[in-house]
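Here's a quick tour of a protein model for you to follow on screen. Have a look at the sequence and the 3D view first, then read on.

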Amino acid sequence: IMIDPVYRFSTFSGSVSDNFGYTATYDNNGRTWAGGIVFGGQFPYYNGIQSSFSGGATDVALMLFSSDGTGLLSGTFFGGNNREQPHSMMVSPNGDLFVLGVSGSTNLATSLNAYDSSFNGGSNTYAGGQTFSSGTDIFILRLDSTGSIKKSLTYLGGAGNDGVNEYGTLNYGDEARGEILTTSNAIYVATSTGSM
């Protein structure tokens, strides 16, 4: 038995502003989604949900590449008035992208019928190379298969810090761990909470 990865492509993001990668996934068409953070407004926006940097310290940066890596199909900012950070992404059976992450922003544009439409905050905490001075709540974002339509967005959090592991880490970035899994009729999230 031979188990070897198949090399598909590699590419630079094309961002002039500093950017760090956190997570990636693929869809049924072989296209690749990359998710990270960006530290300014000089990021290659194309066909996305948010065309400019929000003015917080960092925004989530999402990119959708063609299956051979030669084309950028979508590039978008996502963020509010503070910091955001993606931890996990997965494409559902119908092609929608689901993103799990944390936010320190009070003004994310949640969906009309969001499960939790308000930022509940926490205390000053460090996660994945960033300091969140107002604490963190989890966010769950759903985009259509092109990355150009926001289908839903909710916060998820209590009075403590949510979505970050504050209780002992061994490696860089261990604080920024979490996973999202989708099926045809459910979303599963595994992460940390400091809320009661």
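Predicted model: local features only at pLDDT ≥ 70, side-chain atom pairs only at ≥ 80, totals over all residues.

Residues are numbered from 1 along each chain as its sequence is written, and side-chain values use heavy atoms, leaving out hydrogens and water.

**Strands and hairpins**

- Strands are DSSP runs (E, at least two residues), numbered from the N terminus, and two of them pair if DSSP finds at least two bridges between them.
- β11 (residues 179-182) pairs with β12 (residues 187-190) in the antiparallel sense, over four bridges.
- Five residues lie between the strands of the β5 and β6 hairpin, where Gly95 takes a positive phi near 100°.
- β5 is mostly covered, as seven of its eight residues are buried.

**Nonpolar cores**

- A nonpolar core is a set of buried Ala, Val, Leu, Ile, Met, Phe, Trp, Tyr and Cys residues joined through side-chain atoms within 4.5 Å.
- The largest nonpolar core has 16 residues, and those touching the most other members are Trp33, Leu62, Phe78, Leu97, Val99, Phe139 and Leu141.
- β3, β5 (84-91), β6 (97-103), β9 (137-143) and β10 (150-156) each give two or more residues to this core.
- There's also a second, separate core of six residues, including Phe43, Ala61, Phe65 and Phe77.
- As background, nonpolar side chains in soluble globular proteins tend to be buried together.
- Contact means heavy atoms within 4.5 Å, and beyond its neighbours within four places in sequence, Val99 has contacts that include Leu62, Pro86, Met89 and Phe139.

**The largest pocket**

- A pocket is found on a 1 Å grid over the protein atoms alone: it's an open set of points where a 1.4 Å probe fits, with protein on both sides within 12 Å along at least five of seven lines, and its lining residues have an atom within 4 Å of a point.
- The largest pocket has a volume of about 260 Å³, counted as the space filled by probe spheres set on the grid points, which are joined across faces, edges and corners.
- Of its 19 lining residues, Ser13, Gly21, Ala34, Met63 and Phe65 are the closest to the centre.
- β1 (19-26), β2 (32-38) and β3 (59-65) each supply at least two residues of the lining.
- That lining has 10 nonpolar residues, nine polar and no charged; Ala, Val, Leu, Ile, Met, Phe, Trp, Tyr, Cys and Pro count as nonpolar, Asp, Glu, Lys and Arg as charged, and the others, Gly among them, as polar.

- Asp18 lies in the segment before β1 and is exposed, with a relative accessible area of 53%.
- Asp18 and Phe39 are 21 residues apart along the chain, but their C-alpha atoms are separated by 5.5 Å.
- Asp96 is in the loop between β5 and β6, and at 2% relative accessibility it counts as buried.
- Not counting residues up to four places away in sequence, Asp96 touches several residues, among them Arg142, Asp144 and Lys151.
- Asn47, in the loop between β2 and β3, has a positive phi near 55° despite being a residue other than glycine.
- Most residues other than glycine have a negative phi.
- Gly129 is in the loop between β7 (125-127) and β8 (130-132) and is partly exposed at 38%.

Technical notes. Buried < 20%, exposed > 50% of the residue type's maximum accessible area, 1.4 Å probe, protein only.
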